[in-house]
Every structure is written in C-alpha cells, then in structure tokens.
Amino acid sequence: MQELENIINRINELIWTYPMILLLVATHLYLTFKLKFIQKYIFKAMKLSLKRDNSAGMVSNFGALAVSLAATIGTGSILGMTTAVATGGPGAVFWMIVIGVFGIATKYSECLLAVKYRVKLRTTKEYVGGPMYIMKNALKMKWMGVIFAVCGLLMAISGGGFLQVNAIVDVLGNAYSINGLLIGVIVSLIVAIVIIGGVKSIAAVCEWLVPIMGGLYLLAALYIFAVNIYQIPATVILILKSAFGFKAVGGGFAGAAILTALHIGASRSVLSTEAGMGSASVVAAAAKTKNPVRQGLVASTSVFWTFFICTLTGLVIIVAGDWQSGQKFAGDLCNSAFETIPYIGVPLLVFSLTIFSLTTIIGWAYYGEKFMEFLGGSKIVKPFRVFWILFMISGVYISPSLAWALVVTVTVMMSIPNLIMIFMLRKRIVKETNLYLKSEIDNI
C-alpha cells in the first residue's frame, strides 16, 4: 500500500502543477468574461433556489442544490482548509476565495449543459445527466464520457467514501474512544436508510440537514470571531501580505510565498467547490427546472456557500494563532480554535465534522451510482448501492493519506475532459444564457 501511495504522489507532482492551475483559472476567467460576469446574480440566484418549480425532473431546485452542497462541504472544508493554511500560509485563503469567485461561472456553465443535454431513461423514467452524457450525446465522444465516469467513480470511492469514513472514525474515536468498526457499521446503516430510496430520498434528507450543519458551524465561527474581535484587522492584513508574497511562510523565501499560497489556494478551491470537476452537474440534471439557465444559476450558488465555509475555517484557524507553531496540524488546529468556546466547543466541532462527512458520503453515493449506471446500465444500480453500504465498513481500514493522494489524481483526470467539453460547447452556453437569463432574473 505504501508503495502504491508513493507512486500516486509522484504522479501528482507531475500533473497537479501550474499548467493545470492555469488551465482551470483561464477557464474561470474566460467564462466570466463571455457570460458578462454572471457572478453578479449570485444573490438573486439564492432567492431562485427557494422557488418551487413543477417542471420535468426528479427533485426540486433546492433539493438538487442541497445534494450538491452535501457532496462538496465535507471534511475538505474544515480539515482540508486547516491543512491549506498550515502548508500554504494565510495567503492560501485569499487565493481560494478569488479563484472560487471566478469559479462560479464554470459551475454555472457545467450545470447548464447538464440540464440541456440530460436524458430520460426508458427503464427507470429518471432524468440523468452530467459530463459523461454531454460528451456522449452532444460531442459524440463516448470514449471521453467513459474516462470521465471511471475517474468520477474513483473520486466517489476515495474522496466521497474513504476520506469521509476515516474522518468520522478519527473524530469520534479520538473524542469519545468509540471503536472504529462500530462507527463504520453505524455509518453504513444510516447511509443504507437514506440511499435506498434513490435521489428523492437523498435530496429530502439533505434539504433539512445541510442548512442545520451550516448554521451551527457559522454560529460557532462567529463566537470565535467575537472573542477575538481585536485580532481580525491584523488577520486580514496578514492574509493579504501572505497572498502577495510580502510575508514568507515558515521563514522561507518571501518571493516563493506567493507561488506557494497560489498553488495551495487553487487546489483547495477546486477540491472544495468542485467548480471545473463536473461532478455537481450530475445532480443538477435531476432538478425540476423550466430551462437550463435556471438550474445553472441555482447550482452556481453552491460555490459561494462552499468557499464561505472554507473562508470561515481559514479565518478561525488564523485568528486562533496555532497555525504557525509547527506543532499542530489539521484536526489539532481545529480543536485548538474550537476549544475557545466554553463547554460545547469541541463537541460542536465533532458534531460538525461528523455530519459534514456523513452528508458527503450520501451525496457521493448518488454521484457514484450515476457513474456506474452510465458505464453498466440501470441493472447495476441496486448492486452498487449494496456495495456502497458494505464499503462504508471496509473504509475504516483504508489509509487516509492514500485516499488523499488518489483524490488529487482523479480531480485532475476529471477536470481535464470536463474543461475541454465546456470549451467545445462554449457558444451553446452563451446562446442558452442569452435566451433565458433576462426572463429568469426579471421574475425573481
């Protein structure tokens, strides 16, 4: 296993470099320009996500958004962000926000395409879609769709499964000394109850669970800010200095600090928001929506909420101050920050991490199911659900470092064909936007 991990890490050193970051950022900027800064409608899009739509589809606009948020706001938004600050310095927070803002245009575009080119299966009568169907039906490049689906399935297993199960085991095991295997069994039972009913059941659970977990985490972060209110101006200045290389990280060369912060911030942005990966468009295709633009707008708000949670985490870690001690990392940094909340701080962090991870498992269960369905047909859906439920137990014993390494690899392998697909269909994105955007915005 260690040798496999070493091989994957060497591959990551080659593929997750500045050319990949440049491709991602260039796509964000290009779509932002062509769509005339679609980000300016983000708050109207939030209102739109709450409107009921009885058009064709499987779940409501908000239901599809909730599943997308459940899949993206996992441990990466908390532990992943603390790691980003520890390795890339406070400047990583700045670049994560900037790239995330421009990433809204990419998320809008890929979800718009998913609705436009979705299909209704003859066997189950479900609406399905995503990059693999777009590549097959719009570009007539099924082979590219197969590559994307395989990589998406690997992402579901590693990032949506292995990492989340391990995170729950670590958090509950360290806090309350609960046996890991027992935790795995309980997680499997909960997941089984939710996913057995398909996307409607998954969306129903996510619709009420996602706002609760986000709200509690927000309240906890606001408390930490309140007790450290005099440090906030200095924290903001520190982030800006670190972002532009005026303050070196860990005593290193100051000129290299900006590159380190940019690299870490960019990777955190794509891993957390999934803008450019194409995964969120899978559930966007199931939404009840009048036109592709409407769901594109709704789906794009998930980027805002995800980098909002990441920003909260980054600020909390920096304000707490332990990020520069060199003695604490990831979960330890979170614990140090939340310990400042009397009595309920650490239990609240444990609860947040557990729920964030659990909802991610549920969200990626749906994504994995759709990737498998594309590869093997509807007959494979039920066996996959059984596999996923049992897999939650075995995930207890998988190395988190191996899972993280695989996540980085498949993120690149998903993003490249997805970004190529978006570029090839860029004129259709603009055409659909010009056709429906004004009426959607005027009616909010």
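Helices here are DSSP runs of H or I with at least four residues, numbered from the N terminus. The contact involves Val199, Ile202, Cys206, Leu209, Met213, Gly214, Leu216, Tyr217 and Ala220 on the H10 side, and Leu348, Phe351, Ser352, Ile355, Phe356, Thr359, Ile362 and Tyr366 on the H16 side; contact means heavy atoms within 4.5 Å. Sorted by type, these residues come out as 14 nonpolar, 3 polar and no charged. Nonpolar covers Ala, Val, Leu, Ile, Met, Phe, Trp, Tyr, Cys and Pro, charged covers Asp, Glu, Lys and Arg, and the others, Gly among them, are polar.

This is a predicted model, where local features need pLDDT of at least 70 and side-chain atom pairs count only at pLDDT 80 or more, while totals for chains, interfaces and linings use all residues. Residues are numbered from 1 along each chain as its sequence is written, and side-chain values use heavy atoms, with hydrogens and water left out.

Most residues other than glycine have a negative phi. Ser177, in the loop between helix H8 (142-176) and H9, has a positive phi, near 55°. Glu274 also has a positive phi, near 65°, and sits in the loop between helix H12 (254-273) and helix H13 (280-284). Ser177 is exposed, at 66% relative accessible area, whereas Glu274 is buried, at 3%. Buried means under 20% relative accessible area, exposed over 50%, and partly exposed in between (1.4 Å probe, protein chains only).

Pro90 belongs to the loop between helix H5 (79-88) and helix H6 (91-116), and is buried at 2% relative accessibility. Pro90 and Lys241 are 151 residues apart in sequence, yet their C-alpha atoms are 8.6 Å apart in space. Ile190, part of helix H9 (residues 180-195), is partly exposed at 34%. From Ile190 to Gly377 there are 187 residues in sequence and 26 Å in space, C-alpha to C-alpha.

As for the cysteines, the structure holds 0 disulfides, a disulfide being a pair of cysteine sulfur atoms within 2.5 Å. For Cys151, the nearest cysteine sulfur is that of Cys111, 19 Å away. Cys151 is buried, with a relative accessible area of 8%, and Cys310 is buried too, at 0%.

Note on methods: Helix = DSSP H or I, 4+ residues; strand = E, 2+ residues; numbered from the N terminus.
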